[in-house]
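Hello,

Here is the structure for your files. Please look it over before reading my notes below.

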Amino acid sequence: MKKIHVGFLLSYDYEKLKLSIPAVYQNSDKIFLAKDINNRTWSGQKFLINESFFNWLKEFDTDTKIEIYEDDFYVSELTALENDTRERHLLSLKMGIGNWLIQVDSDEYFIDFKKFISDIRKYDAYLDNPEKNKIQIACYWIIIYKYTTEGILYVDKPMKAIFATNYPNYTCARRTDERVIYTNNIVMHESLSRDEKELAFKVNNWGHKDEINNEFLEKWKMIDENNYMNYSNFYYIEPSRWKKLAYFPSQDLNKIKQLINNSNLKNLKTKIVFKNLGQWFKFILK
C-alpha cells in the first residue's frame, strides 16, 4: 500500500495518451487505463481504438507497470457526467484504497510529476485511515484553448484542478467534497485544443455536454492569434470564468515548459498558502 497509482481513461482521444503517460511513467508505481468493454462513450456513442496504439503501449511499457482495466462504464439511465463520475469511482477502486489515487486525463501533461509526488508524499499519513481522513490534492492547469498556425492560445491565469485523493467518494468527475490541499504544480491541459471535427465530437460526448453554452463553439472557430485580444469570456459553460487568453509562440511542449518556467505563471506560493489555510479552518470547524 501507499503506492503511487495513476489512472487514465482510454477512450476516443487515446492518441493523446502518448504524451500524458510518458509524463508520469517514471515516478508511478502502477498505471491503470480504464476502457469501456463495449467501446462506448459516456453518451453511448461508439469509438474505435487503432491496434497501433496497443502496439505502442506494449513497446513503451518497459517496466510492465501498465494495466488495462475493462468494465461496463456506460449506463443508459445516467447522464454523461454521472457516467463520468461512476467510471472514475470504479477505476479508483481498481487502483486500490490505501494508495495515492491519481487520475490524469489523456489531454493533461504534468510539467514536473516528480515534484508533485514529492509534495503529496508529505501527506502519506492520510493513507493510514483514509475513510476517516479524506482529502483531495489540487494542482494548477494552464489551459490550452486553441492551436493556431504557429503557436498556442491559452487561458491567461492558472486554474485549480483536482488530481489525487486518498478516498474516492467522488461527487462530480474526479472531485469530492472533502478538504483540498493545494500544491504548486503546473499541468498543461489541452481541453478544447483540437481540430473542429474532434472538438465537435468531444462536446457531444464528454461529461459537460449538457452544460455547454450555445455561443461557445462559434466563438472558438472565430478566434485566432491575430484577434484574441479583442475578445473576452471564453469558457464553455460560464463564459466569464475564462476572461482573457494569452499566446505561446510555439507548439512544442518542451519549449512551452521552458516558457512556463521562465514566466509568472508559477508564482503561486502566496496564493496557495492562503488557500490551504482557508481549507484547514473550513474543515477543522466542521
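N39 sits in the loop between β2 and α2 (51-60). Helices here are DSSP runs of H or I with at least four residues, strands are runs of E with at least two, and both are numbered from the N terminus. The phi of N39 is near 55°, a positive value in a residue that is not glycine. N39 counts as buried because its relative accessibility is 19%. The cut-offs: buried is under 20% relative accessible area, exposed is over 50%, and partly exposed is in between (1.4 Å probe, protein chains only).

Two notes on provenance. This is a predicted model, where local features need pLDDT of at least 70, side-chain atom pairs count only at pLDDT 80 or more, and totals for chains, interfaces and linings use all residues. Residues are numbered from 1 along each chain as its sequence is written, and side-chain values use heavy atoms, with hydrogens and water left out.

N233 also has a positive phi, about 65°, and is not a glycine. Its loop runs between α6 (216-222) and β10 (245-248). N233 has a relative accessible area of 29%, so it is partly exposed. Why flag these values? Most residues other than glycine have a negative phi.

Salt bridges

How many salt bridges does the structure hold? There are 16. The criterion is a side-chain nitrogen of Lys or Arg within 4 Å of a carboxyl oxygen of Asp or Glu. Side chains of opposite charge can pair when their charged atoms come close.

One of the bridges joins K2 and D128, with the closest N and O atoms 2.7 Å apart. This pair links distant parts of the chain, 126 residues apart. K2 is in the segment before β1 (4-9), and D128 is in the loop between α4 (113-120) and β6 (135-147). K2 is partly exposed, at 30% relative accessible area. D128 is exposed, at 55%.

E70 and K35 form another bridge, and their closest N and O atoms are 2.8 Å apart. E70 is in strand β3 (residues 66-71) and K35 in strand β2 (residues 30-36), so the pair ties together parts that are 35 residues apart in sequence. E70 is partly exposed, at 40% relative accessibility. K35 is buried, at 8%.

D105 and R174 pair too, with the closest N and O atoms 3.9 Å apart. They are 69 residues apart and link distant parts of the chain. D105 is in the loop between β4 (100-103) and β5 (108-110), while R174 is in the loop between β8 and β9 (179-189). Buried or exposed? Both D105 and R174 are buried.

That pair belongs to a salt-bridge network of D84, R88, D105, E108 and R174. R88 lies in helix α3 (residues 80-95). R88 is buried, with 5% relative accessible area. Its side chain makes a polar contact with the side chain of D84 at 2.6 Å. A polar contact is a pair of N or O atoms within 3.5 Å; within protein, one must be able to donate a hydrogen and the other to accept it, and residues adjacent in sequence count only if both atoms are side-chain atoms.

Surface patches

Patches are made of residues with over 30% relative accessible area and no salt bridge; like charges are joined within 9 Å, and nonpolar side chains (Val, Leu, Ile, Met, Phe, Trp, Tyr) within 5 Å.

Which residues form the nonpolar patch on the surface? They are L277, W280, F281, I284 and L285, with about 540 Å² of accessible area together. Areas come from the Shrake-Rupley method with a 1.4 Å probe; for residues, only the protein chains shown count as cover. F281 is in helix α8 (residues 269-284), and L277 lies in helix α8. F281 is partly exposed at 42% relative accessibility, and L277 is partly exposed at 42%.

A patch of positive charge gathers K157, K160, R175, R241, K244, K271 and K282 on the surface. Lys and Arg count as positive and Asp and Glu as negative; His and the chain ends are not counted. Each charge is placed at NZ of Lys, CZ of Arg, CG of Asp or CD of Glu. K160 is in strand β8 (residues 159-165) and is partly exposed, at 46% relative accessibility.

Best regards
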